[in-house]
There are 2 protein chains.
Amino acid sequence: MIEHSNELDRAFHALADATRRGILDRLSRGIASVSELAKPYASSLAAIQQHVQVLEASGLIVTEKRGRTRECRISSAAVLRVECWLSERRQLWEDRFDQLEKLVEGEENPVDSNAER
Amino acid sequence: MIEHSNELDRAFHALADATRRGILDRLSRGIASVSELAKPYASSLAAIQQHVQVLEASGLIVTEKRGRTRECRISSAAVLRVECWLSERRQLWEDRFDQLEKLVEGEENPVDSNAER
């Protein structure tokens with residue numbers, strides 16, 4: 001695979017976990033510190049820190065140390081790259097499917113096309 | 001997580017592998033049998049069959065037995081659901097970011113807003 005395979009591997013791996021998706025979900029509503037991200041979870045702060053590290057390594061989030069806290073935010077460009085990978089494949093398939101459908105319709109209704117002449 | 005967490009887990013896990021993404025890539029250009037999908041790979045047919053099973057379990061592709069071959073095709077609805085999960089979060093974040101930017105601009109240029117009065 002040419003297309004930044006490792007980047008996509010890491011992004012999709014990061015997304016394949018409900019807690020990490022929950023963290024992204026929270027960050028979609030604004031910047032948060034790791035301890036703010038940990039609040040809704042029964043898991044330890046260390047466990048949430050590990051999830052944050054996986055998300056950061058995937059590029060989907062960016063973190064920055066501010067004094068004693070680490071601020072986290074979504075990298076919308078990285079999320080968009082993953083979205084685009086998916087939408088390009090889906091659209092290719094849908095275009096192909098539309099073409100086939102038109103072809104089949106043409107074969108099924110040859111009389112209609114004659115009637116229009 | 002309320003939103004079909006298992007479905008998303010399976011879809012993102014399926015996508016976190018370059019061979020499986022290669023299979024999706026091939027299927028975006030049209031229906032293919034498992035042996036057609038295996039052609040570009042050095043892996044055994046059995047290994048490709050396993051990848052196809054992971055993709056099918058995730059819902060991202062649909063397979064159908066036709067005589068002695070198994071035809072595979074993309075489920076564009078399933079791909080779209082994954083895309084939407086991502087784009088909803090990204091858009092929420094971008095909207096919030098735009099709001100913050102406007103707020104900061106307003107604070108930085110209070111004279112301009114007075115000048116317009």
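Guide: Start with a term: a polar contact is a pair of N or O atoms within 3.5 Å; within protein, one must be able to donate a hydrogen and the other to accept it, and residues adjacent in sequence count only if both atoms are side-chain atoms. By that rule, 14 residue pairs, both at pLDDT 80 or more, are in polar contact across the interface of chain A and chain B. This is a predicted model, where local features need pLDDT of at least 70, side-chain atom pairs count only at pLDDT 80 or more, and totals for chains, interfaces and linings use all residues. Residues are numbered from 1 along each chain as its sequence is written, chains are lettered from A in the order in which they are written, and side-chain values use heavy atoms, leaving out hydrogens and water.

Visitor: What makes A:Arg21 and B:Asp9 a salt bridge?

Guide: A salt bridge needs a side-chain nitrogen of Lys or Arg within 4 Å of a carboxyl oxygen of Asp or Glu. The closest N and O atoms of A:Arg21 and B:Asp9 are 2.9 Å apart, so the pair qualifies. The rule finds 6 salt bridges across this interface of chain A and chain B.

Visitor: How do you know how many residues the contact takes from chain A and chain B?

Guide: Contact means heavy atoms within 4.5 Å. The contact takes 35 residues from chain A and 35 residues from chain B.

Visitor: What is the area buried between chain A and chain B?

Guide: Buried area is the accessible area (1.4 Å probe) that two parts lose on being put together, summed over both. Here that comes to about 3,200 Å², and carbon and sulfur atoms give 67% of it.
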